[in-house]
Amino acid sequence: PRVVMAAFFRRIPFALSALATGGGAFECTSDVSLRAPIKQAKKGICLDDDSYRWCASQIPHLWPNTGEQMTSIRLFKAWEPSWDENGREAAWDGLAAYVKRTNAKVMIGTPVTCDETWDDKMWAWTRDLVIKLGPQSVMGLAIGNE
């Protein structure tokens with residue numbers, strides 16, 4: 001199976017380009033076409049920290065090689081205390097714009113630790129992000145984050 005998969009991926013000429021429309025989201029182009037994911041409405045992506053922090057408005061809006069819309073996102077936290085506070089609003093605005101443009105739903109994680117001050121800060125950011133996104137865009141909260 002590894003050889004088959006390696007050959008498959010060598011055939012795919014990926015080209016990432018910012019779209020002139022759609023708010024700068026990335027799009028994959030390829031000569032390979034796949035079926036839509038099974039039960040697609042129940043699937044989503046986990047947004048990695050770097051993409052969230054630096055380019056939340058450019059989350060892919062289509063499943064690769066299908067042309068099918070992505071409809072849900074999993075965030076592991078509303079923000080990370082070690083990240084520059086000045087970037088938080090821009091990241092949240094980018095995420096909110098993406099969610100509004102695609103009508104996606106977001107599952108937001110909020111960690112719980114033994115440090116009450118840190119937990120209070122994380123919860124405040126989670127609450128503020130939920131308010132920014134609006135209840136129509138929040139699928140749920142993952143308290144304790146796993």
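1. Strands 5 and 6 run parallel and are joined by five bridges. Two strands count as paired when DSSP finds at least two bridges between them. Helices (H or I, at least four residues) and strands (E, at least two) are DSSP runs numbered from the N terminus.

2. This is a predicted model, in which local features need pLDDT of at least 70 and side-chain atom pairs count only at pLDDT 80 or more, while totals for chains, interfaces and linings use all residues. Residues are numbered from 1 along each chain as its sequence is written, and side-chain values use heavy atoms, with hydrogens and water left out.

3. The open sheet holds four strands in the order 3-4-5-6, with parallel pairing. Its edges are strand 3 (45-46) and strand 6 (138-143), each of which pairs on one side only. Strands of a sheet pair through backbone hydrogen bonds, either parallel or antiparallel.

4. The protein has four helices and six strands. Along the sequence they follow the pattern α-β-β-β-α-β-α-β-α-β.

5. Helix 4 (residues 116-133) lies across strand 4 (72-75), strand 5 and strand 6, and runs at about 170° to strand 5. Axes here are lines fitted to C-alpha atoms, for helices over the stretch in contact, and angles run from 0 to 180 degrees between N-to-C directions. Contact means heavy atoms within 4.5 Å.

6. The 15 residues of helix 3 should span 21 Å at 1.5 Å a residue, and its end C-alpha atoms are 21 Å apart, which agrees. The expected span is 1.5 Å times one less than the number of residues. Buried residues of helix 3 include Trp92, Leu95, Tyr98 and Val99; buried means under 20% relative accessible area, exposed over 50%, and partly exposed in between (1.4 Å probe, protein chains only). The buried residues of this helix pack against helix 2 (49-55), strand 4, strand 5 and helix 4.

7. Asn103 deserves a look. Asn103 sits in the loop between helix 3 (88-102) and strand 5 (105-110), and just after helix 3 takes a positive phi of about 60°. Most residues other than glycine have a negative phi. Asn103 is exposed, at 59% relative accessible area.

8. For the protein overall, buried residues make up 36% of the 146 residues. Of the contacts between residues at least 6 apart in sequence, 69% join residues at least 24 apart.
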